[in-house]
Amino acid sequence: MKKVKITAIRKVRYDDLMAKYENPIEHTCDVCEGLLSSRRRKSWVSEDGKCPDGHCPEAWKTMKEFVEALANGEGNFYDGWMKNPYSAMISCNDGYRPVSFYIETIE
């Protein structure tokens, strides 16, 4: 099996939707906190197609099938969607502050 690198690329906030539909909550996803100011990106490595330690379990649900496929040597999702056929750009399922993750085979 191949290793798959998962990198948090960007987090978007939809304040208008949060104000209109979301109840106030104390803690939200902190995957990308500080990334914009420091220009660092947080990354994890999946081995054997498994969820890496410390990765958000909810985000994992949206990318699990892609990571497993890449770990098994598959790729070219949706007939040429990505420039690198052994990669994908997947967002978590938070509709108010989604994080985009770039996943790629590294071995």
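Just after helix 3, Gly 73 adopts a positive phi of about 85°. Helices here are DSSP runs of H or I with at least four residues, strands are runs of E with at least two, and both are numbered from the N terminus.

Before going on, a word on where this comes from: the model is predicted, so local features need pLDDT of at least 70 and side-chain atom pairs count only at pLDDT 80 or more, while totals for chains, interfaces and linings use all residues. Residues are numbered from 1 along each chain as its sequence is written, and side-chain values use heavy atoms, with hydrogens and water left out.

## The overall layout

The protein has 3 helices and 4 strands, and reading along the sequence gives the pattern β-α-α-β-α-β-β. Its C-alpha trace spans about 45 × 25 × 25 Å along the principal axes.

Of the 107 residues, 35% are buried. Buried means under 20% relative accessible area, exposed means over 50%, and partly exposed is in between (1.4 Å probe, protein chains only). As for contacts (heavy atoms within 4.5 Å), 61% of those with a separation of 6 or more link residues 24 or more positions apart.

The 4 strands form an open sheet in the order 2-1-4-3, with antiparallel pairing. Strand 2 and strand 3 sit at the edges with a single partner strand each, so one side of each has no neighbour in the sheet. From one strand to the next, the twist averages 25°. Two strands count as paired if DSSP finds at least two bridges between them; strand 1 and strand 2, which run antiparallel, are joined by 4 bridges. Ile 6 stands opposite Trp 44 in strand 2.

Helix 3 packs on this sheet, touching strand 1, strand 2, strand 3 and strand 4, and its direction makes about 15° with that of strand 4. For that angle, axes are lines fitted to C-alpha atoms (for helices, over the stretch in contact), and angles run from 0 to 180 degrees between N-to-C directions.

Which side chains of helix 3 are tucked away? The buried ones include Trp 60, Met 63, Phe 66 and Val 67. The buried residues pack against strand 1 (4–11), strand 2 (43–46), strand 3 (87–91) and strand 4 (99–105).

## The nonpolar core

A nonpolar core is a set of buried Ala, Val, Leu, Ile, Met, Phe, Trp, Tyr and Cys residues joined through side-chain atoms within 4.5 Å. The largest one has 20 residues, and Ile 6, Met 63, Val 67, Phe 101 and Ile 103 touch the most other members. Strand 1, helix 3, strand 3 and strand 4 each supply at least two residues of this core, with the largest share, 8 residues, coming from helix 3.

Leaving aside residues up to four places away in sequence, Ile 103 touches several residues, among them Val 4, Ile 6, Met 63, Val 67 and Ile 90.

## A look at Ser 91

Ser 91 lies in strand 3 and, at 34% relative accessibility, counts as partly exposed. The C-alpha atoms of Ser 91 and Phe 101, 10 residues apart along the chain, are separated by 5.9 Å. Not counting residues up to four places away in sequence, Ser 91 touches Thr 62, Val 99 and Ser 100.
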